[in-house]
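Dear colleague,

I am handing over the structure we spoke about, and it is placed directly below this paragraph.

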Amino acid sequence: MSSAQEAIAARLQTGGYGTLGSSIFVDFSPSTPFNCIVVSGYQGPPPDRGVGSKLPLVQRNKVQVMVRHSDPATALSSAVSMNDYLEGTSGVTSDGVYLVFVLSVGSGVLYLGKDANNLTMYSMNFEIKTT
């Protein structure tokens with residue numbers, strides 16, 4: 001079974017935003033290529049459980065999608081497009097993970113600034129409900 005971040009990375013590939021391992025990376029930010037997408041997981045709230053059950057009914061994963069690009073306008077437009085594409089996704093299986101619902105956390109796209117190579121970075125955070 002894949003992780004939520006692997007499922008979101010695969011979903012971005014399906015949406016035509018890049019290719020896993022070439023321009024979309026999971027849980028690490030490579031030094032090259034400069035223009036890329038990094039999908040990382042981080043700790044979310046506890047899973048939703050049935051009454052009297054220790055087995056999770058729905059996992060509540062947190063995922064960050066970071067866009068890095070040499071052109072600031074492309075970085076922003078790509079981030080906004082990805083945010084719109086992912087927000088509200090429901091009832092879809094991606095990379096073997098059933099996505100119950102994808103909810104944007106916060107106000108959408110966040111400007112992170114420039115990295116050491118003067119590349120523009122934006123990020124979006126999502127809660128990914130999976131079964």
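In this predicted model, the side chains of K62 and E127 meet in a salt bridge, with a distance of 3.9 Å from N to O. That distance falls inside the cut-off of 4 Å that is applied to such pairs. The pair joins distant parts of the chain, since K62 lies in strand β4 and E127 in strand β7, 65 residues apart. Both partners, K62 and E127, are buried; for E127 the relative accessibility is 11%, and it counts as buried because the limit for that class is under 20%.

E127 also forms a salt bridge with R60, and here the closest N and O atoms are 3.3 Å apart. This second pair again links distant parts of the chain, with E127 in strand β7 (residues 120–130) and R60 in strand β4, 67 residues apart.

D48 is partly exposed, its relative accessible area being 31%.

How many salt bridges does the structure hold? There are three, and D48, R60, K62 and E127 are linked by salt bridges in a network. For the charges of the protein chain overall, the mean positions of the 8 positive and the 9 negative ones are 8 Å apart.

Turning to the fold, the secondary structure of the protein chain comes to two helices and seven strands, and from the N terminus on these elements run in the order α-β-β-β-β-α-β-β-β. Helix α1, which covers residues 4–14, is mostly covered, with eight of its eleven residues buried. Just after α1, G16 takes a positive phi of about 85°.

As to overall dimensions, the C-alpha trace of the protein chain spans about 55 × 25 × 20 Å along its principal axes. A compact globule of 131 residues would have a radius of gyration near 14 Å, and the protein chain, at 15 Å, agrees with that. Buried residues make up 40% of the 131 residues, while the protein chain exposes about 6,600 Å², of which carbon and sulfur atoms supply 53%. Of the contacts in the protein chain with a separation of 6 or more, 58% are accounted for by residues 24 or more positions apart.

With kind regards

Note on methods: Residues are numbered from 1 along each chain as its sequence is written. This is a predicted model: local features need pLDDT of at least 70, side-chain atom pairs count only at pLDDT 80 or more; totals for chains, interfaces and linings use all residues. Side-chain values use heavy atoms; hydrogens and water are left out. Helices (H or I, at least four residues) and strands (E, at least two) are DSSP runs, numbered from the N terminus. The radius of gyration is taken over C-alpha atoms; the globule rule is 2.2 Å times the number of residues to the power 0.38. Buried means under 20% relative accessible area, exposed over 50%, partly exposed in between (1.4 Å probe, protein chains only). Contact means heavy atoms within 4.5 Å. Accessible areas come from the Shrake-Rupley method with a 1.4 Å probe; for residues, only the protein chains shown count as cover. Lys and Arg count as positive and Asp and Glu as negative; His and the chain ends are not counted. The place of a charge is taken as NZ of Lys, CZ of Arg, CG of Asp or CD of Glu.
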